[in-house]
Amino acid sequence: MAKFDLTKSALIALSMLEISNKKKEKILSCVNEPSELIANPKKCKEILLKQTTDAVYIEFLSFVERMEAIANRLQNEDVEVITLFDENYPNNLRDIIEAPIVLYCKGNTALLDKRAIAVVGTRRPTRYGQKITEEFTREFARADLVVVSGFARGSDSIAHRVCVEENCPTIAVFGSGLNVCYPAENRELLSGILSHGGLIISEYALDVKPLSYHFPDRNRIISGLSEGVFLAEASEKSGSLITIGCATEQGREIFVVPGNINSPASEGSNQVLRSMQGALVLTAEDVLSGLGVYAKKPVQEQAIQLNFIEQQLVDSLYEGDLHFEELLNIAKCSASELSSMLMNMELCGVIEKLAGNYFVLCK
Amino acid sequence: MLAKVKSFALDGLLGYPIDVEMDINSGLPSFEMVGLASTATKESKERIRSAVKNSGFMYPTKRITINLAPADTKKEGPSFDLAIAVAMLIASGQLLSANYKDFIFLGELSLDGTLRHINGVMPIIISAMQAGYKKFVLSDDNAKEASYVEGIEAYSFQNLKGVAEFLNGASAQMLVQNSFEASRNAHGYGVDFADVKGQSTAKRALEIAVSGGHNIIMIGPPGAGKTMLAKCVPTIMPEMTFEEAIEVTKVHSIAGTLDENIGIVTTRPFRSPHHTTTVPALIGGGSKAKPGEVSLANHGVLFLDEMPEYSRYALETLRQPLEDRVVSVSRMVRTVEYPANFMLVASMNPCPCGNYGSKTQICRCSVQQIHSYLSKLSGPLLDRIDLQIEVDSVSYDEFRTQRVEESSAKIKERTDHAREIQRERFKDDTILTNAEMNEKHLKKYCQIDENGERLLQKAFERLNLSARGTTRILKVARTIADLEGSEDIKNTHLAEAIQYRQLDRKYNG
């Protein structure tokens, strides 16, 4: 049987109300101690009725009444609740405007104190965006930064997935309750995050649906938890620009990779660069030194012995990705020999196969 | 007077003798047909009346009773017309010779007495021979088809009058046996791999697929040339043997898709049913239990263009023929078995809009759309497709290059050689190709050394391959080794085989 103290109960009940974060902050500022909201019903009634409506007040009371059941459920689901008044509430987040009153956490909560960087981007990355997100995230993870992202499709999922692949912890900030896996196709990724020492957090109660207005609010938590925000690619109306906005407000570092000026998928990120030239980064080291982190020396990879043709292929791939037919012209061997050669090189981590029979060098 | 004439009916691919019995009695003029005749068969009454009159004979104005024995099987189609007409001439005393008893009569009549083509002559003749009948009378239109069967005594005629004269003793030319080899050389496929520019990976994969009898799926954007590649597949398959040709012809003869000018199927069939096809059309069925596309593609290629567009139900029904290489079509009154030993060549787009992963086009599909598109192909179905390759559009430059592409004949030499090796290897087993290997065969013939194991291990880790692909990779590697004439599966073979597991790679989220 779980039971929360008055402060926690009051904050949870308050956080569950369907009113704006600003209102919630206001209500909190009217009391000396959050516990008063429960301990002093008269004052509570007065404040809530003044700030909100009857319906909200009644809702608040019903939440307080059901608090034991809520606490039990949270315990059963292995969800930890950290409130603004708890000591283990992340300091980074405490300072931001409209800091979330409670955080529902599942997984390794120790991550909240670690140095973190947010990786954001479009939900529909181009091949370029995918590659940049993957490469940079990998470097961040290897430098022991905790990667924070929003679990959305596209860049967010790529960032989380890279961390899972690298066996590094990552934090996913949900725009829904923790029991709602949105998008649903990321269910496997979700269990991957948790099993690799990661953490998922949300300011919403367990079963809250992913409503569209949750996501801009969620973005302030992503940037709030991090020391810097990295953006690989964003179209003109991308939600990741909101995160950049939050980060600016919160005084976080911003790192943006320039994109093709003809590509609509990079319009937003290029706009950001125009207004903040200092945000421009070209390598993951740029980001790391901007945060004062130094990349660990890469593990010396086993030297790979390439034969003459393979070396020729690698040389020509320096100029960019090439199609199988083009490689065939360079190698001047049979398709079968080339296939098996390319597969061997891919398995050694020298090259990578892209969609459409294109091949590219790995970094 | 009573007359009894022999004809043949078909149940699936097997024929059984039919006795056409006719009795003419005095009484009110009538024409009664008993013996479970279908509508088309019953309608022969009108055709026969006109045909008999127009051939210069008298139609008896008496009470006519016809029995098609055995009386408990359903008789379909107009193929008994000739037999009934001959029976009538005998029963009415207009034909006095008794030598009709040795013959089997097959043919439909038109109103002017001309004999018309019927379906299923090849399987009927072959079944009849097995039952001990040797002499046949049939239409000129069916002559070509019948002429490929060895050891029969068949006569073909243009009309009913000719048949009657022949039975009365006039001389007629017996059908001359046609040579299958000669017709085969006269008819080609009309396409050739030399016409396909570029696409080296796809061509190589198809060569492997044909060599080992593997099924293959090509993934690529619209306009990449998947259909063209698929059409070329039969050109590198081994030449059809006479036995295979007969088997194929039997099915095509029943379905009525046989070219009567050639009379036998000389080229490997290439069937590409449209994706709106119904299950009975694909598998076989209908009230007549007709052969479906899978049986028409027997010994050839079944090409499913845009595979995920087919109904899920239709795709799932393919699993059984892919496994057993025969289909049994069960209807309430009967169960018929048709051969379905085909090579499956499928194609699909990488996503519903077709541009996923394209370098130049933007894909407009959402991740769920791509997901649901790909998940139309169930795991068990994909398990039966050994090679999965990516095909992409040929650039303008490639169209223009003067590079001479390899001809089908040249590729065929290699595939034939690989098949030869397999035949030798499997001579004590009951299978013919690498694709048919089961667990036991895999253990025996697909040993890989430590290096190979390590390579596979690495592939699984690096490429996120799913484990169910292992046996497929081994089988394909075996075929690649055979193509090279190598006894062992080397690492290069394995590496190439892994390249052909495109769908096992995880798509980016």
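The model is predicted, so local features need pLDDT of at least 70 and side-chain atom pairs count only at pLDDT 80 or more, while totals for chains, interfaces and linings use all residues. Residues are numbered from 1 along each chain as its sequence is written, and chains are lettered from A in the order in which they are written.

**Domains**

Select chain A and colour domain 1 (1–74), domain 2 (109–290) and domain 3 (308–361); the bounds come from an automatic or database domain assignment. The centres of domain 1 and domain 3 of chain A, taken over C-alpha atoms, are separated by 63 Å.

Next select chain B, where the assignment gives domain 1 (2–167) and domain 2 (185–504). Here 17 residues of domain 1 of chain B are in contact with 18 residues of domain 2 of chain B, contact being counted if C-beta atoms, placed from the backbone, lie within 7 Å. On the domain 1 side, helix 4 (121–130) of chain B is one of the elements giving two or more residues, and helix 4 of chain B gives the most, with three residues. Helices (H or I, at least four residues) and strands (E, at least two) are DSSP runs, numbered from the N terminus.

**Where chain A meets chain B**

Show helix 17 (residues 335–347) of chain A with helix 22 (residues 491–499) of chain B, whose axes come within 8 Å and cross at roughly 85°. Axes are lines fitted to C-alpha atoms, for helices over the stretch in contact, and angles run from 0 to 180 degrees between N-to-C directions. Among the residues making this contact are Ser336(A) and Met343(A) of helix 17 of chain A, and Thr492(B) and Ile498(B) of helix 22 of chain B.

Now keep helix 22 of chain B selected: eight of its nine residues are buried, meaning that 20 or more other C-beta atoms lie within 10 Å of the residue's own. The cover over these buried residues includes helix 17 of chain A, together with helix 20 (450–463) and helix 21 (470–484) of chain B.

**A sheet in chain B**

Finally, select the open sheet of five strands in chain B, ordered 11-14-17-10-18 with parallel pairing; strands pair if DSSP finds at least two bridges between them. Strand 11 (270–271) and strand 18 (387–390) of chain B stand at the edges, each with a single partner strand, so one side of each has no neighbour in the sheet.

Terms used: Contact = placed C-beta atoms within 7 Å. Buried ≥ 20, exposed ≤ 12 C-beta atoms within 10 Å, placed from the backbone.
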